[in-house]
Amino acid sequence: MESPVGKNLYQKVWDGHVVQKLDSGQYQIFIGLHLIHEVTSPQAFGMLRDKGLKVAYPSRTFATVDHIIPTDDQSRPLKDDMAEQMIRVLSDATIEHGIEFFPPESGSQGIVHIVGPELGLTQPGLTVCCGDSHTSTHGAFGCIALGIGTSQVRDVLASQTLAMDPLKVRRISVEGELAVGVTAKDVTLHIIRTLGVNGGVGYAYEYAGSTISAMTMEERMTVCNMSIEGGARCGYINPDQTTIDFLRGKERVPSGADFDAAAEKWLSYASDADATFDDEVVIQANEIRPTVTWGITPGQAISIEESTPDPELVEGLEKDLINDALGYMKIPANTPIKGTKIDVAFLGSCTNGRLSDFQAVAKLLPGHKVASGIKAIAVPGSEKVDAQARALGLHEIFEAAGFEWRKPGCSMCLAMNPDKLVGDEVCASSSNRNFIGRQGSSTGRTILMSPIMVAASAIEGKVADAREVFGLK
Amino acid sequence: MESNGITKINGKGVYVAGNDIDTDRIIPARFLKCVTFDELGPSLFFDERFDTEGKSKNHPLDAEAHRGAEVLMSDANFGCGSSREHAPQALQKFGIKAVIAESFAEIFQGNSTTLGIPCVVMEKPLRQMLAKIIENEPEVDLTVDLNAMQVICANQIFPITMKESSREAFLAANYDPLDTLLQANDAIKVTAQRLGYI
């Protein structure tokens, strides 16, 4: 008997990957694609060694280095001994276990969530795991893509499976056309602001609606990337013709008739028209403005036209949270966020370090200069992004405007490499987290925003509205 | 694999107040440069405990009265942010054996479970009462009882909840799922073939 109710993508992919139900009530799920990097994975190989285990399916795991790699001088051995050791341990493990590794200067190194999609390793219908919470990025292709801890990295290496509880699914439909100057980053910050940083706990997010359908794959990756900042374990977008067109011709996807067969299968994972959801939210695109954070969580965000909150208008813990956040940020209450002085501008990260992010900014930069005293860095997310940008001459446009054009890596998103804030510097950042100390200084301050807003702020030396700075109409 | 389940955790408590305490606060990213987790304990909550000169900020974890605390209590959405296991690893290496909060970020809760650290949920009014006891009588032990699903402290009972699959796993001593997963080798292979992965 055919089920009278259709399935959503999450249910289809989950059902296909169930190995068995476990006694605990959890399910054992097969993992189709496992990505590893130097921060959370070397320890897992140590755990395997302690138990005398081998990697079960080495052809389903791929490795690169991103978090600790410097973006200026990458010559080996790295100046930081521990960073060098972390790369060595990872590199040795990939050799020992027969895992493909994309090291610096291989032409394919980069931030793991940029590398997977650009090689075509990330394909619709996969279960994807990586010891990094922004693995949710891969959901843009219609995958169940999960960040996992190191013990789970060990589980995947040893068994290619994970023990998991199924998630509920919330469909977030964004409808209508985005206004000029409003980007995918603003959409995701707006969603988190609306639903809260823990609004997604227990859920996978399906992003749907006409606004999402109209997005390019790179924009969709930006949206899915920050699912975790809204508390959701993962986020996904149904595969469609945009997905297929993006994957065609990528290194690791089939070609010719095999591609057509694969494409047909990929499209079949999309949620059925009569699929049901545990929750539904509708957001109107025309309500979304360029959005920036004012506090210490990604949910503490307002539009560039708004003022910081007034703690006197709320009670209890909420009041404490606002006071603590404003106190840390050294930003006054009830004051326009526009005009807040910045020290650093950072363009890059797995959220906004893809070619289209740099293209969008490069289109606007000519005729403008980074304000004096502002350190502005542009960090491509991968060697491929770097090569494509250079081929288009984008690096020259950035350099002419006063940005430093760096080598690929996670850079200042999380400061495990030499790119760090100093003291209580304020950074206009295209990354994903504004947590206390996130960018490498325990008193450093982060204001999250879209790439074009970062560029506008760099030019003004303070938080600025890209629509005004670049005359966008 | 441990032969006995985790049913009760006894120890002194410490209350670290705040909602949305993220993994970067639990252990700042600059301490994550390591190839084992062994040395993470002293870096727990480092920037909350010490100022930029390394002077103590009188964090509850460093109060003489709370020294050796094994049960940490906090507020909503504890452990949000990164999937890095470094956060629960740092708690464990510091000596924390159970966490009580209003709610937990999902990945943090899962990582903690695998390491054998129960994350239990207690409602706000009860946590406020418990916080007072911890403050006034810091030497009193708390007992987190996963059988009875309650915390006992100073002869008072505080009901708790937790994810049922995690509770089962603690009681049955299979909170580390690896051995169970590996037993299914044949079924894994069948799944991999059916999906065209091999």
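Analyst: The model is a predicted one. Leaving out residues up to four places away in sequence, A:S430 touches A:K185, A:F346, A:L347, A:G348, A:S349, A:T351, A:N352, A:M449, A:P451 and A:V454.

User: What makes these residues count as touching A:S430?

Analyst: The cut-off for a contact is heavy atoms within 4.5 Å. The residues listed for A:S430, including A:F346 and A:V454, meet it.

User: Where in chain A is A:S430, and why is A:S430 called buried?

Analyst: A:S430 sits in the loop between β18 (426-429) and β19 (445-448) of chain A. Buried means under 20% relative accessible area. A:S430 has 0% relative accessibility, so it counts as buried.

User: How many residues from chain B and from chain A does the contact take?

Analyst: Chain B gives 50 residues and chain A gives 68. The area buried between the two chains is about 4800 Å², with 61% of it from carbon and sulfur atoms. On the side of chain B, the residues B:K33, B:V35 and B:Y197 supply 16% of the area buried against chain A, more than any other three residues.

User: What makes the meeting of A:D80 and B:K33 a salt bridge?

Analyst: The rule asks for a side-chain nitrogen of Lys or Arg within 4 Å of a carboxyl oxygen of Asp or Glu. Between A:D80 and B:K33 the N to O distance is 2.6 Å, so the pair passes. Across the interface of chain B and chain A the rule finds 5 salt bridges. There are also 18 residue pairs in polar contact across this interface.

User: Which element gives the largest share of the side of chain B that touches chain A?

Analyst: That is α8(B), with 6 residues. By class, this side of chain B has 20 nonpolar, 15 polar and 15 charged residues.

User: What makes a set of residues a nonpolar core, and which residues have the most contacts inside the largest one?

Analyst: The members must be buried residues of the nonpolar kinds in the rule, joined through side-chain atoms within 4.5 Å. The largest such core has 182 residues, and A:F398, B:F45, B:L72, B:F78 and B:L91 have the most contacts inside it. Helix α16 (residues 451-460) of chain A gives the largest share of this core, 7 residues. Another core, of 25 residues, lies apart from it, and B:V71, B:I100, B:M122 and B:V151 are among its members.

How values were computed. Residues numbered from 1 in each chain as written. Chains lettered and ligands numbered in written order. Predicted model: local features only at pLDDT ≥ 70, side-chain atom pairs only at ≥ 80, totals over all residues. Heavy atoms only, no water. Helix = DSSP H or I, 4+ residues; strand = E, 2+ residues; numbered from the N terminus. Buried < 20%, exposed > 50% of the residue type's maximum accessible area, 1.4 Å probe, protein only. Buried area = accessible area lost by both parts, 1.4 Å probe. Polar contact = N/O pair within 3.5 Å; in protein donor to acceptor, adjacent residues only side chain to side chain. Nonpolar A, V, L, I, M, F, W, Y, C, P; charged D, E, K, R; others polar.
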